[in-house]
Amino acid sequence: MKNRFDSVLFDFDGTLVDSSEGIFNSLIYAFEQDGKEAPDRDILRKFIGPPLYESFKTLFGYDGDEIDFMIKKYRERYSEKGYLEASFYDGIPELLKELHEKGIKTATASSKPTVFIKKMLEVNGLSEYVDYVGGTLFDNKESGKTAIINNALQELGCTDKARALMVGDRKFDIDGAKGAGIKTVAVLYGFGSREEFMEHEAEYIVKNTAEVRKIIFGE
């Protein structure tokens with residue numbers, strides 16, 4: 001039986017990896033360096049998904065040099081140890097290996113800097129199972145998700161978007177995939193909610209990686 005999809009793109013934070021602890025700790029450090037008390041974790045959760053530049057701007061009203069300072073301080077801690085304060089979700093390593101073995105092309109399509117994605121894949125011995133690492137550059141302030149997804153599709157050599165799939169955990173993944181003309185699996189184990197996924201009309205909503213696998217293979 002032929003697979004339902006040939007190319008599968010994954011968001012990173014909240015989809016492949018639970019990176020919340022490292023992100024929260026690095027954000028707290030950034031606010032402390034700015035002489036401010038860090039917001040509570042319900043607010044910090046909103047940073048996971050969209051580009052950092054956009055979050056500092058929309059959530060806290062920072063602009064220009066202020067945002068650059070906050071991102072610099074955030075990455076100061078994150079690049080030292082924050083990226084290590086993360087773990088792959090249950091079933092993800094096995095899923096990536098199986099997709100690779102069965103010839104299904106995979107990529108990340110994330111607003112996270114590519115360098116951190118590569119480091120985390122390498123540390124966990126998963127680099128060989130991801131065909132293309134799609135992320136952002138450190139100085140990329142306008143990290144539109146549709147552009148990231150389209151670039152990943154191009155790098156994978158995808159010619160039939162009906163056989164491509166985006167797996168993510170936030171509305172940005174759903175909207176970005178729609179802009180690129182592909183379907184989305186929205187995962188409930190990340191940082192989004194069923195209400196968010198339904199509002200943005202994700203084609204599939206799943207609870208775990210086993211259900212992601214079933215959709216990819218058409219089981």
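## Conventions

A crossing of two helices is called left-handed if the near helix is turned anticlockwise from the far one by less than a right angle, and right-handed if clockwise. The structure is a predicted model, in which local features need pLDDT of at least 70 and side-chain atom pairs count only at pLDDT 80 or more, while totals for chains, interfaces and linings use all residues. Residues are numbered from 1 along each chain as its sequence is written, and side-chain values use heavy atoms, with hydrogens and water left out.

## The helix pair α5 and α10

Helix α5 (residues 92-101) and helix α10 have axes that come within 10 Å and cross at roughly 15°, the axes being lines fitted to C-alpha atoms, for helices over the stretch in contact, with angles running from 0 to 180 degrees between N-to-C directions. The two helices are therefore roughly parallel to each other, a label for angles under 35 degrees, where over 145 is roughly antiparallel, 65 to 115 roughly perpendicular and the rest oblique. The crossing in which α5 passes α10 is right-handed. Contact (heavy atoms within 4.5 Å) is made by Ile92, Leu95, Glu98 and Leu99 of α5 with Thr209, Val212, Arg213, Ile216 and Phe217 of α10.

Within α10, the residues Thr209, Val212, Ile215, Ile216 and Phe217 are buried, that is, under 20% relative accessible area, with exposed meaning over 50% and partly exposed in between (1.4 Å probe, protein chains only). These buried residues pack against β1, α5, β6, β7 and β8. Just after α10, glycine 218 takes a positive phi of about 70°.

## The sheet

Six strands, in the order β5-β4-β1-β6-β7-β8, make up an open sheet with parallel pairing; strands (E, at least two residues) and helices (H or I, at least four) are DSSP runs numbered from the N terminus, and two strands pair if DSSP finds at least two bridges between them. At the edges lie β5 (132-136) and β8 (204-206), each pairing on one side only. Between β4 (residues 105-113) and β5 there are four bridges in the parallel sense, and threonine 108 stands opposite valine 133 in β5.

## Aspartate 11

Aspartate 11 is placed in the loop between β1 and β2 (17-18), and it counts as buried because its relative accessibility is 3%. Its side chain is joined to that of lysine 145 by a polar contact of 3.1 Å, a term for a pair of N or O atoms within 3.5 Å in which, within protein, one must be able to donate a hydrogen and the other to accept it, and residues adjacent in sequence count only if both atoms are side-chain atoms.
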